[in-house]
Amino acid sequence: MLPEFGHFALILALLLAALQAFFGIAGPALRRDRWIAAVIPAVTGQAVMVATAVACLIAAFVGFDFSVAYVAQNSNTSLPLFYRVAALWGAHEGSLLLWIMLLALWSVAVAIGARNLPRHFGARVLGVLGVVSFGFLLFTLATSNPFLRLDPAAADGNDLNPILQDPGLVVHPPILYTGYVGFAVAFAFAGAAMLEGRLDQHWARWTRPWTTAAWCFLSCGIALGSFWAYYELGWGGFWFWDPVENSSFMPWLVGTALVHSLAATDKRGLFKSWTLLLAILAFSFSMLGTFLVRSGVLVSVHSFAADPARGIFILAFLILMVGGSLALYAWRAPLLKSSAGFELGARESFLLFNNVLLVIAAATVFAGTLAPLISDSLKLGTLSVGPPYFNPTFMVSMLPLLALLSVGIHANWKRGRLEDSQRTLLYTFVVAAVLGCGLAFGVYSHGKVLTPVAATLGFWIVLSSLVDPIDRWRRGMSVSRAVLGMTVAHIGLATAVIGLTTVQSFTVEEDLALSAGGTANVGGYEFRFLGVKPVDGPNYSAVGGTVVVTQHGAPVGVFEPQKRQYWVKHTVKSETAIKIHHGSNILLALGDDLGGGRWSVRVQIRPLVSFVWLAALIMAIGGALAASDRRYRTARVTSEGSEGLSARQAG
Amino acid sequence: MNRFLLPLGVFVLLAAVLAIGIKHSPDKGIIASPLLGKPAPQFALPNLTDPAHVVRSSDLKGRWYLFNVWGTWCGECRAEHDMLLQVHQAAVVPLIGLDWKDDDAQALAWLQQLGNPYESVAADRAGRTAIDWGVYGAPETFLVNPQGVVVYKHVGALTYQTWTREILPRVSRTTPAGS
Amino acid sequence: MKRLRTVVAVGVMLAALGAGEAVWAVDTTKLPDPALQERYSVLTHELRCMQCQNESLADSPVDLAADLRREVRDQLLAGKSDDDVRAWMAARYGDFILFRPRYSWRNAWLWGAPGALLLLGALVAWRIVRQRSTLLATDYEPIEEDGHS
């Protein structure tokens, strides 16, 4: 019964989304107040229906209802409760439901925030969100229904993929999707502006906190995915430039550019058409990512089951949404002009450089990700693109960006007045260089050429970012949340740079063949292998090894890597033992039984790798601070349904 | 020309590429073989059923043959075996088997139990020959022409469709009397 | 009826070998010369495991990967260059086995993209800055003194 109820709820949600879209867009266009008034109820109704559907599916999982095909494919009687709930988004159909639910939640949030927006504009924003909801709901119901029944019901389920049986599954997809979906809000704001035929500084001010919020979630989501891969898969990698990873990274790069472009539009009314385009593109990349992951056109460890039928549907949806909005853009954008001026050394310039470089980075990742597909489709042969391409090409645009950040942070709006900061620039650079080279050669050694360069750039960003806030604080001036947030976010970026530089340059990795009682020296640590013993878990049996690690005789820890065999799926999983010691991660993985009591063991020592994920957290905190600045909360429009706003509309 | 049309233009191109990509996607698992149109790799391996003799690629020149890579550890190979017996019975093209990284005793037992569709079977215990042929997942079947050039590769269990649509036409086009 | 994946033998092989398997190869191969060891490590990380989804030869636990790693080792010991090894692999498995796309005219668009885009970006930025600098003379709009936010 419950699954049918959930199915029905989903159908109702589809209808409500259609109404939301219709009333939201046609209402203001035809000036029907009754229609406009129906939008928020439609949003609420849709959210309630979607939540009901999700609840029904969760109930099916928790209650071991193996008559539901999706539950049978992704759960099992021996699966712990924790994972039975999280299994909801363990595969394609359920993850789509998660996407839809998060979209509904964002829509509700926007509906609440729409009190501060002009009525017509707010209705249009919700209308566009309704169109997106409708598309995803239709896709789900038509091709990926999670409520399909199995007849006869399965006796027991297939079990959740063991790789997914990890706390990471509980947090990574929801937070990642919140970010992905969050850019739909910026997209909706862009759509509303285009439908209205107007885009001004107020628009930018309204859009900023929503965009920044989505960006925060996406940053955390990507970092969680990387962190999870690192700990769960455990062979030291945390980023593989895999097509699915790239699908989340491209929206992030474009989103970062958008956050910065919005600043210029908000402050000076500049780059309007460009900001509009970025707002469209950020979500377009999200949707493109959805397509790439679920259509089977790309080879990836992450991709869901390939199904061309789904691929065709998503492509059609993509063409309508993205093509439609870009067509609208081509029509409306030429009207957006501004006569503001700025000089080469002004803040606006640096924001421009930021945008150019971030977009180039996104385009590069895009080219590399789609190259196999392009090459194949145009009959240029099969091509494969991996880290050896992405790593160097990404740095081509990123290194200049990092350097320009440290300079541009001191620039003022309109007239940069960088001459005033010459001494600051010099001092901060010198100190940064000392710190950078100290890290590269002093703490560690034998780095590559880029190591001191990148480390210096990282430290320079930290120092440069702190100059202004510290100066203000010393002079007794207040530091607004916006400035504080910006500072924190930039320091987060610097943390990532320093962490990545260190990890890439100074990781030590060795594969050893050890017999019981055998020892080895790797990277300044001593490893003593004590042998293996059988270990049993809730739904697996394992072989557990014990390794005692010391550093110059002082104990570091006892590591217990395992190789597990899961009963249901008969899959084997390696559990790496990971511990942190003085900022470095030590990883130990059990390899194969080499016979005669000897086992192969992989040892890795990765310095400062935690900085990479810490950085994302810091950046997200910075974003959250910035988004909660007072000026966004006091941006109210007093006149109802007014078409004309302040005199600050640029002509 | 409205430069704001540029993003739309780029998107249209992208959509076209993606659409072509979807059309091709059922073939996604199949990587086009670089051997097509090139001379078949040479090999000389012990004959599984007749260990005293060697199966040589040079001996096979001058006639069509199907080179089938299989192993007793491979489930799909078991599924394809009946089709191979049919091919053997049709007696149009001989099947030369490559027993890939397999146990000789098990392989012989397999052929004993299920029937032997092969004219001869080469035992590739080290896997070197399979690598030379660019094999990455059994079963795989190659069609080689009398000049020793690989003209077609089928990845996966050999199907009746492939036999009638891809292999027979190629063989009968140049040898109207069959083999 | 459960939905069928579009299965190809490779897909079945993957499932059989366990696309859900999370074991990695621990490759204890040691080459006598540290420089050779380094080249071995780089090459095995740059070559794709043809039976897996997006794994390198260095990391893949399947037999074929072990065979191909042995091949890389043998060739390096025999004095072949990195390019020789790559060419040997690509001759058998196609360019798909290379994670680093070849430097060829066919791939020029890919490798040249970042540089070309950088040039284009610099040009666009230059034009915009010039245009806005001239507009500065006629821009009398006051801005808030809060210089940095």
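Here is a short chat about a predicted model, covering a helix pair, a sheet and a chain contact.

Q: At what angle do α8 and α9 of chain A pack?
A: About 150°, with the axes 9 Å apart. That's helix α8, residues 201-233, against helix α9, residues 243-268, both in chain A.

Q: OK, so how do they run relative to each other, roughly parallel or roughly antiparallel?
A: Roughly antiparallel, because angles over 145 degrees count that way.

Q: And which hand is the crossing, left or right?
A: α8(A) passes α9(A) in a left-handed crossing.

Q: What kinds of residues make up that contact?
A: The contact of α8(A) with α9(A) has 11 nonpolar, 10 polar and three charged residues.

Q: Switching to chain B, what's the strand order in the open sheet?
A: The five strands go β5-β4-β3-β6-β7, with mixed pairing. From one strand to the next the twist averages 20°.

Q: Which strands stand at the edges?
A: β5 (120-124) and β7 (150-155) of chain B. Each has a single partner strand, so one side of each has no neighbour in the sheet.

Q: How many bridges join β3 and β6 there?
A: Five, and the two strands run antiparallel: β3 is residues 65-70 and β6 is residues 140-144 of chain B.

Q: New topic: how many residues do chains A and C each put into their contact?
A: Chain C gives 45 and chain A gives 65.

Q: Which part of chain C has the largest share?
A: Helix α5 (residues 108-136) of chain C, with 14 residues. By class, chain C's side facing chain A has 20 nonpolar, 12 polar and 13 charged residues.

Methods
Residues numbered from 1 in each chain as written. Chains lettered and ligands numbered in written order. Predicted model: local features only at pLDDT ≥ 70, side-chain atom pairs only at ≥ 80, totals over all residues. Axes fitted to C-alpha atoms, helices over the stretch in contact; angles between N-to-C directions. Helix = DSSP H or I, 4+ residues; strand = E, 2+ residues; numbered from the N terminus. Parallel < 35°, antiparallel > 145°, perpendicular 65-115°, else oblique. Left-handed = near helix turned anticlockwise from the far one by under 90°. Nonpolar A, V, L, I, M, F, W, Y, C, P; charged D, E, K, R; others polar. Pairing = 2+ DSSP bridges. Contact = placed C-beta atoms within 7 Å.
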